[in-house]
Amino acid sequence: MIPPIANNFVAGETPETAMAHVDELNQRGVAGILNLLGEHYDDRADADADTQAYIDLVEALAERDTDSCISVKPSQIGLDIGDDVFEENLARIVDAADCLVWIDMEDHTTTDVTLDAYERHARATDGNVGVCLQANLKRTREDLERLADLPGKVRLVKGAYDEPKEIAYKKKAKVDEVYKEYLEYMFEHFEGGIAVGSHDPKMIDHAQALHAEHGTPYEIQMLMGVREDEQTRLAADVDVYQYIPYGEKWFSYFYRRVREQKSNALFALRAVVGV
Ligand code: FAD
């Protein structure tokens with residue numbers, strides 16, 4: 001059972017609880033991106049089981065009237081076991097899905113194989129896939145150029161992994177600066193398929209200004225439990241997607257969310273001590 005405090009960031013342990021959350025969210029004009037928690041499997045049975053869970057999920061989503069979709073981690077569907085396992089399982093999910101299949105981006109050692117898989121499926125499905133790029137990686141400008149003319153969607157995030165300084169910007173101010181530059185590149189060169197994966201008001205404002213200037217369509221993506229009121233407010237003007245983790249492996253995800261933001265930590269503390 002997930003304690004009530006963690007329920008702010010995780011939509012229960014089962015696909016049913018996650019889809020009930022999506023229904024509620026849709027009432028607020030926000031769509032969902034469902035993510036079954038799990039990563040870094042070294043046993044093929046675990047990777048195959050989560051692949052099957054995603055196939056069941058996309059079939060269940062297809063029966064509902066919702067714009068919601070899914071997001072998958074490469075190491076959850078077999079990348080640590082072998083590139084071939086990841087590619088085979090990703091193909092099974094993409095083949096089964098009517099909805100868009102997002103591929104999360106993990107640490108820099110996985111970037112090439114993830115982008116290669118994305119490119120293949122983007123061409124084969126005429127854009128029914130999306131991939132995440134991380135502004136903190138120095139290679140990202142070139143990756144954006146590679147993806148600019150492909151069908152599909154690209155989610156730009158700041159980057160969640162602690163990468164070596166040789167290949168990544170380490171200072172927050174520098175990451176913020178390049179994030180804005182990459183947004184500018186996307187609004188100028190992408191025909192659509194831009195997803196702003198950030199809670200940062202400065203990045204959202206910048207995207208809104210670029211949209212006003214260039215007219216390029218875009219969407220905003222935020223995590224469940226973070227700036228929820230803002231998600232609803234923004235949804236009046238732009239497509240907003242909430243990334244919704246669920247599943248039995250909720251503890252480490254919840255712990256990360258609480259550690260990374262003081263406001264989340266205070267919120268958790270208040271819930272625990274009842275003030
Ligand atoms: P930050 O730089 O953390 O914060 C900037 C400002 O945003 C803060 O000053 C504050 O004003 C506001 N803010 C941020 N958090 C809060 C909060 N909890 N409450 C109130 N205000 C807040 N990373 C990956 O490496 N790979 C992925 O595949 C990936 N997928 C993601 C998908 C989504 C939908 C999102 C939203 C993030 C994803 N990330 C991923 C994580 C991302 O890389 C960042 O680590 C994370 O989003 C924090 O950066 P930020 O841009 O939100 O803002």
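Tutor: A residue is called buried under 20% relative accessible area, exposed over 50%, and partly exposed in between, computed with a 1.4 Å probe on the protein chains only. This is a predicted model, in which local features need pLDDT of at least 70 and side-chain atom pairs count only at pLDDT 80 or more, whereas totals for chains, interfaces and linings use all residues. Residues are numbered from 1 along each chain as its sequence is written, and side-chain values use heavy atoms, with hydrogens and water left out.

Student: Why is E145 called partly exposed?

Tutor: E145 has a relative accessibility of 41%, a value between the limits of 20% and 50%, and therefore E145 counts as partly exposed. R141, at 37%, is partly exposed too.

Student: What makes the contact of R141 and E145 a salt bridge?

Tutor: The term asks for a side-chain nitrogen of Lys or Arg within 4 Å of a carboxyl oxygen of Asp or Glu; the N to O distance between the side chains of R141 and E145 is 3.1 Å, so the pair qualifies. Both residues lie in helix α5 (residues 140–147), 4 residues apart, or about one turn of the helix, where a helix is a DSSP run of H or I with at least four residues, and a strand a run of E with at least two, numbered from the N terminus. By this rule the count comes to 21 salt bridges.

Student: How do you know whether D176 and K172, which meet in a salt bridge, are buried or exposed?

Tutor: D176 has a relative accessible area of 17% and is therefore buried, while K172, with 56%, is exposed. Their side chains meet at 3.3 Å, N to O, and both residues belong to helix α6 (residues 172–189).

Student: Which strand supplies the largest share of the shell around the ligand?

Tutor: That strand is β7, with 3 residues; β7 spans 218–223.
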